[in-house]
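Visitor: I would like to go through this structure with you and ask, for each label, what value stands behind it. Please show it to me before we start.

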Amino acid sequence: MSTLERPFIRKMKHRLKDRFSTGMEDRVLHGYDAMNRVFLPDGVAEPETEADVIAIVNLCREYGVPLIPRGAGCGFSGGSLATQG
């Protein structure tokens, strides 16, 4: 279960629509890399524009939510994994 605050989720969904999810399927899909270890993120945001990225960063900062950028998720370092949600 996601531990994100409801106001944060509401604002992210308002900004990103269906490109923000706290659903288990999306969290699992973004919860591993080539290390083969699983760390589920609390939410998944998929920005399309620079303005989306700025809005995501600002909301995460406002609510104290850690932000872990992710590319293809194919690394062996675990750098794209949300080890604490």
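Visitor: Why is E62 called exposed?

Guide: E62 has a relative accessible area of 51%, and the terms are set so that buried means under 20% relative accessible area, exposed over 50%, and partly exposed in between, with a 1.4 Å probe and protein chains only. Because 51% is over 50%, E62 counts as exposed. The model is a predicted one, in which local features need pLDDT of at least 70 and side-chain atom pairs count only at pLDDT 80 or more, while totals for chains, interfaces and linings use all residues. Residues are numbered from 1 along each chain as its sequence is written, and side-chain values use heavy atoms, with hydrogens and water left out.

Visitor: What makes E62 and K11 a salt bridge?

Guide: The closest N and O atoms of E62 and K11 are 3.3 Å apart, and a salt bridge is defined as a side-chain nitrogen of Lys or Arg within 4 Å of a carboxyl oxygen of Asp or Glu. The distance of 3.3 Å is within 4 Å, so the pair qualifies. E62 lies in helix 3 and K11 in helix 1, 51 residues apart, and the pair thus links distant parts of the chain. Helices here are DSSP runs of H or I with at least four residues, strands are runs of E with at least two, and both are numbered from the N terminus. K11 itself has 37% relative accessibility and therefore counts as partly exposed.

Visitor: How many salt bridges does the structure hold, and which residues are joined into one network by shared partners?

Guide: The structure holds four salt bridges. In one of them R15 pairs with D52, with the closest N and O atoms 3.0 Å apart; R15 lies in helix 1 and D52 in helix 3, so this pair ties together parts that are 37 residues apart in sequence. In another, the side chains of R19 and E48 meet at 3.8 Å, N to O. R19 is in the loop between helix 1 and strand 1 (20-21), and E48 is in the loop between strand 2 and helix 3, so the two tie together parts that are 29 residues apart in sequence. Salt bridges that share partners join R15, R19, E48 and D52 into one network. As background, side chains of opposite charge can pair when their charged atoms come close.

Visitor: Is D52 buried or exposed, and how do you know?

Guide: D52 has a relative accessible area of 4%, so it is buried. R19, with 18%, is also buried, whereas E48, at 62%, is exposed, and R15, at 35%, is partly exposed.

Visitor: What joins the side chains of D52 and R19?

Guide: A polar contact of 2.9 Å joins them; the term stands for a pair of N or O atoms within 3.5 Å, where, within protein, one must be able to donate a hydrogen and the other to accept it, and residues adjacent in sequence count only if both atoms are side-chain atoms. Leaving aside neighbours within four places in sequence, D52 is in contact (heavy atoms within 4.5 Å) with R15, L16, R19 and P47.

Visitor: Which residues make up the largest nonpolar core?

Guide: The largest nonpolar core has 11 residues in all, namely L4, F8, I9, M12, L16, F20, I56, L59, C60, Y63 and V65. Helix 1 (6-16) and helix 3 are the elements that give two or more residues to this core. A nonpolar core is a set of buried Ala, Val, Leu, Ile, Met, Phe, Trp, Tyr and Cys residues joined through side-chain atoms within 4.5 Å.

Visitor: Where is L67 found, and how is L67 classed?

Guide: L67 is found in the segment after helix 3, and at 43% relative accessibility L67 counts as partly exposed. Leaving aside neighbours within four places in sequence, L67 is in contact with I56, V57 and C60.
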